[in-house]
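Please look over the sequence and the model below before reading on.

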Amino acid sequence: MLESKRARFESSVSPHLAAAYNLARWLTHNDHDAEDVVQEAMLRAFTFFDGFRGPDARSWVLKIVRNTCFTWLHVNRPRDVIATDIDQLSDLLPFACSGSTDDPETVALRKTEAYQVDEAIASISATFREVIVLREIEGLSYKEIANVIDAPIGTVMSRLARARSEIRRALARANDPGNRRGTR
Amino acid sequence: MTPENARRLLNAYVDGELDAASMMELEAQIRESPALQQEFESLSVLQNLVQSRGRRFDAPSHLASRVFAALPEAQPVGTSKAVPGWWRPLAIGTSMAAVALLLWSIVPTLDRLGPGAGPREEVLAAHVRSLMADHLTDLTSAERHTVKPWLSSRLDFAPPVEDLASEGFALVGGRLDYLDGRPVAALVYRYRQHIINVFVWPSSKNQEVSVQTWALRGYNILRFDSRGMSFWAVSDLNPEDLQKLANLLQRAAK
């Protein structure tokens with residue numbers, strides 16, 4: 001029973017830890033907090049595991065991780081949750097923050113396409129960032145995303161549309177030499 | 001179609017989430033509108049870029065062991081250790097309410113629960129304890145001819161011990177326990193991954209009592225009296241399979 005609950009929990013959850021961590025990492029902006037949040041989420045998940053019925057363990061795990069992340073964000077990064085204007089977020093950007101050195105390696109890194117994409121995703125608010133991560137990086141369907149964020153599919157559609165517009169704007173901005181946020 | 005709605009539909013379109021009818025309608029509109037066409041292409045490029053370049057952060061290799069090591073140790077379901085801090089005031093309130101309810105309901109109505117409903121809690125506690133304390137069996141043997149004499153020589157009765165492995169209920173062993181104010185036999189069976197404790201002791205009234213079942217804190221409990229013995233089975237196994245075990249034990253006892 002208890003041992004077998006643990007065993008069942010581990011086998012249900014293990015396949016989705018990578019996705020859980022990736023989502024938490026994108027939402028918290030750093031490794032250390034992502035780990036802590038995943039751990040806390042899994043403790044919650046274990047507590048509620050008896051109530052978990054259903055085939056879709058991934059959505060169930062991601063939902064708990066996502067909710068734990070937002071609780072964490074409300075305490076630690078309240079502006080990341082509510083802010084929708086990219087300009088308000090510049091002080092939260094992990095890439096912008098960490099890029100204070102101007103060594104050639106960092107400068108080269110900044111120029112890469114992948115870096116720009118990551119920076120653009122990181123720049124939008126958490127509400128929109130999570131749907132992009134779930135859709136484009138984790139490959140969830142609209143229905144699965146709706147389940148994870150506990151919102152109607154119409155909301156998923158609107159948020160994805162909005163998220164993509166903002167990412168596109170951020171990318172355009174990064175490529176505009178007159179307005180390079182990362183260079184100091 | 002409003003621009004806002006067109007944008008939503010285009011996104012669903014590049015995500016392959018539009019139904020056939022909306023898709024055909026949208027494709028017709030894209031053909032007619034250069035602006036929509038351009039927006040569609042730009043969205044496709046962006047999607048491709050984000051999917052191919054967006055980073056998937058690798059979880060550190062120690063994450064799984066860290067997460068699973070932090071899970072609460074084996075403990076009875078319903079204790080508060082696994083409850084997050086913000087739940088605790090509520091949990092205390094709930095347990096106080098539960099105690100009040102228990103005092104209010106159990107004490108005056110014990111008889112109403114039916115014959116022998118009393119030791120349910122005791123039976124469940126004994127089951128949980130047996131799994132917690134790494135003391136599932138005193139004698140580990142799948143051989144009923146070993147388990148039965150071992151128990152009989154230590155008790156003042158001879159508990160029926162059945163080999164039900166062919167039905168999926170493997171005998172793990174036997175244990176002595178103390179329930180309902182007397183030493184009892186605990187027979188441990190395993191069904192798939194589930195451990196089942198079957199407690200057996202002589203019934204106080206020598207009469208047949210048909211199967212009664214309860215669900216208590218996530219466990220299923222079942223009792224019946226047959227051939228002068230009370231049988232109590234408890235497990236996290238589902239009620240149907242537990243009932244199956246009861247049927248087999250009843251049949252064997254006859």
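Two residues are said to be in contact when heavy atoms of theirs lie within 4.5 Å. With that in mind, and remembering that this is a predicted model, we can begin with chain A, where, among contacts between residues at least 6 apart in sequence, 66% join residues at least 24 apart. The secondary structure of chain A comes to 11 helices and zero strands, and of its 184 residues, 56% count as buried. The accessible surface of chain A comes to about 7,500 Å², and 53% of that surface belongs to carbon and sulfur atoms.

In helix H9 of chain A, which spans residues 126-137, how many of the 12 residues are buried? The count is 12 of 12, so that the helix is described as mostly covered, a residue being called buried when its relative accessible area is under 20%. After H9 of chain A comes A:Gly139, whose phi is positive, near 70 degrees.

We now turn to the place where the two chains meet. Here 51 residues of chain A are in contact with 47 residues of chain B. For chain A and chain B, the area buried between them is about 4,500 Å², with 60% of it on carbon and sulfur atoms. Across this interface there are 25 residue pairs in polar contact, both residues of each pair being at pLDDT 80 or more. On the side of chain A that touches chain B, the elements that give two or more residues are helices H1, H2, H3, H8, H9 and H11 of chain A. The largest share, 11 residues, comes from H11 of chain A. Sorted by kind, the residues on this side divide into 25 nonpolar, nine polar and 17 charged.

Charged residues lead us to salt bridges. In general, side chains of opposite charge can pair when their charged atoms come close. Over all chains of the structure there are 21 salt bridges, and the count between chain A and chain B is eight. One of them joins B:Glu39 and A:Arg168, with their closest N and O atoms 3.0 Å apart. Another is formed by the side chains of B:Arg66 and A:Asp36, at 2.8 Å from N to O. This pair crosses between chains, with B:Arg66 in helix H4 of chain B and A:Asp36 in helix H3 of chain A. B:Arg66 is partly exposed, with a relative accessible area of 29%, and A:Asp36 is partly exposed as well, with 30%.

The side chains of B:Asp15 and A:Arg164 also meet in a salt bridge, at 2.8 Å from N to O. B:Asp15 lies in the loop between helices H1 and H2 of chain B, while A:Arg164 lies in helix H11 of chain A, so this pair joins two chains. Are these two residues buried or exposed? Both B:Asp15 and A:Arg164 are buried.

Within chain B, a salt bridge of 2.7 Å, N to O, links the side chains of B:Arg182 and B:Asp156. These residues are 26 residues apart and belong to distant parts of the chain, B:Arg182 being in strand E3 and B:Asp156 in the loop between helix H7 and strand E2 of chain B. B:Asp156 is exposed, with a relative accessible area of 63%. Elsewhere, salt bridges that share partners join A:Arg135, A:Glu136, A:Arg164, B:Asp15 and B:Glu17 into one network.

Strand E2 of chain B also holds B:Asp177, which is buried, with a relative accessible area of 16%. The side chains of B:Asp177 and B:Arg175 are joined by a polar contact of 3.0 Å, and the residues that B:Asp177 touches include B:Arg182 and B:Phe199.

Finally, consider the backbone. Most residues other than glycine have a negative phi. B:Asp180, however, has a positive phi, near 55 degrees, and its place is in the loop between strands E2 and E3 of chain B. B:Arg217 likewise has a positive phi, of about 50 degrees, and its place is in the loop between strands E5 and E6 of chain B. B:Asp180 is partly exposed, with a relative accessible area of 41%, and B:Arg217 counts as partly exposed at 44%.

Note on methods. Residues numbered from 1 in each chain as written. Chains lettered and ligands numbered in written order. Heavy atoms only, no water. Buried < 20%, exposed > 50% of the residue type's maximum accessible area, 1.4 Å probe, protein only. Helix = DSSP H or I, 4+ residues; strand = E, 2+ residues; numbered from the N terminus. Buried area = accessible area lost by both parts, 1.4 Å probe. Salt bridge = Lys/Arg side-chain N within 4 Å of Asp/Glu carboxyl O. Polar contact = N/O pair within 3.5 Å; in protein donor to acceptor, adjacent residues only side chain to side chain. Nonpolar A, V, L, I, M, F, W, Y, C, P; charged D, E, K, R; others polar. Areas by Shrake-Rupley, 256 points an atom, 1.4 Å probe, with all protein chains shown as cover. Lists of a residue's contacts leave out its neighbours within four places in sequence.
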